Amino acid sequence: PGDAAEAPGSLPPEVEAVLATSDRAHASLVYLGDKHVLQSKSRRAFIMYGVERRSWVSLGDPLGDPAEHDELLWRFRKLAFRYGGWPVFYQVRPPFLPLYIDAGLTATKLGEEAYVPLDAFSVEGGKRRNLRRTVRKVEEEGATFEILSPDAVGSALPELRQISDAWLEEKKAREKGFSLGFFR
């Protein structure tokens, strides 16, 4: 919606340039093609977002030149209001909270992101008792974990598709998209 936003699926070269310099892994989710892109006036920053009913949901914080973030946030807010919607920023980082508060938005904590240093992680000790139990139960049910080499992914896709479809059917759910990706 709006003449200032790119339609899902088309990525201008300026967005590609911002992506090339981004250190945020989620930035690549713009390639899913299910989000609109609103660029700053200089085109050195952008917000990727989707519209669900009245919610205009930005996936993460603005990306690109930090000097452009404030202007871009206000433009996004104004665009959402123009169409009777409300702006939402999903999966944001704490350093950006003052920017959102200054724009009149309210922070609501939905969850947390964990960073686990795998080289030091262990299931040993009293604190991990429940986790050990879960691991044993899952192993007894025949579950395995494997990291596939890039060459092995293609031949595994049909089985992975069956697993994905079975999970969606069991949960009475559809593909998540937006912040998680699609099977395809």
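These are my notebook entries on what I looked up in this structure, which is a predicted model.

**Entry 1: strand 3 and its partners**

I began with strand 3, residues 45-52, and found that 6 of its 8 residues are buried, so the strand is largely enclosed by the rest of the structure. I then looked for its pairing partners. Strand 2, which covers residues 36-39, runs antiparallel to strand 3 and is joined to it by 4 bridges; within this pairing, His36 has Tyr49 of strand 3 as its bridge partner. Strand 4, residues 55-59, is also antiparallel to strand 3 and also joined to it by 4 bridges, and here I noted that Glu52 stands opposite Ser55 of strand 4. Strand 5, residues 63-64, pairs with strand 3 over 2 bridges, again in the antiparallel sense, with Leu63 of strand 5 as the bridge partner of Phe46.

**Entry 2: strand 6**

Next I followed the sheet from strand 4 to strand 6, where 5 bridges join the two strands and the direction is parallel. I looked at the two faces of strand 6, residues 86-90, and found Pro87 and Phe89 on the covered face, while Trp86, Val88 and Tyr90 lie on the uncovered one.

**Entry 3: positive phi values**

Which residues other than glycine did I find with a positive phi? Arg43 is one of them, with phi near 70°, and Gln91 is another, with a phi of about 60°. I noted these because most residues other than glycine have a negative phi. Arg43 sits in the hairpin of strand 2 and strand 3, which has 5 residues between the strands, and at 34% relative accessibility it counts as partly exposed. Gln91 lies in the loop between strand 6 and helix 3 and is likewise partly exposed, with a relative accessible area of 39%. I also wrote down Arg53, which takes a positive phi near 55° in the hairpin of strand 3 and strand 4, where 2 residues stand between the strands.

**Entry 4: salt bridges**

A search of the whole structure gave me 11 salt bridges, and I looked at some of them in detail. Arg53 forms one with Glu52, the closest N and O atoms being 3.4 Å apart; Arg53 is exposed, with a relative accessible area of 73%, while Glu52 is partly exposed at 45%. I then turned to Arg44, which forms a salt bridge with Asp65 in which the closest N and O atoms are 3.1 Å apart. This pair links distant parts of the chain, 21 residues apart, with Asp65 in the loop between strand 5 and helix 2 and Arg44 in the loop between strand 2 and strand 3. Arg44 also forms a salt bridge with Glu68, and there the closest N and O atoms are 2.7 Å apart; Glu68 lies in the loop between strand 5 and helix 2, and the two residues are 24 residues apart.

Is Glu68 buried or exposed? I found that Glu68 is buried, with a relative accessible area of 10%, whereas Asp65 counts as partly exposed at 25% and Arg44 is partly exposed at 44%.

**Entry 5: helix 1**

In helix 1, residues 13-21, I found Val15, Val18 and Leu19 buried. They cover an arc of only 100° around the axis, which puts them on the same side of helix 1. The face turned away from this buried side carries the exposed residues Pro13, Ala20 and Thr21. I checked what covers the buried residues of helix 1 and found that the cover includes strand 2, strand 3 and strand 5.

**Entry 6: a buried serine and a surface patch**

Ser164 is found in helix 5, residues 150-171, and counts as buried because its relative accessibility is 17%, below the cut-off of 20%. Leaving aside its neighbours within four places in sequence, I found Ser164 in contact with Glu175 and Phe183.

Last, I looked up a nonpolar patch on the surface, formed by Val116, Leu118, Phe121, Leu131 and Val135, which together have about 430 Å² of accessible area. Leu118 lies in the loop between helix 3 and helix 4 and counts as exposed at 68% relative accessibility.

Terms used: Residues numbered from 1 in each chain as written. Predicted model: local features only at pLDDT ≥ 70, side-chain atom pairs only at ≥ 80, totals over all residues. Heavy atoms only, no water. Patch = residues over 30% accessible without salt bridge, like charges linked within 9 Å, V, L, I, M, F, W, Y side chains within 5 Å. Areas by Shrake-Rupley, 256 points an atom, 1.4 Å probe, with all protein chains shown as cover. Salt bridge = Lys/Arg side-chain N within 4 Å of Asp/Glu carboxyl O. Buried < 20%, exposed > 50% of the residue type's maximum accessible area, 1.4 Å probe, protein only. Pairing = 2+ DSSP bridges. Arc of directions from axis to C-beta. Contact = heavy atoms within 4.5 Å.
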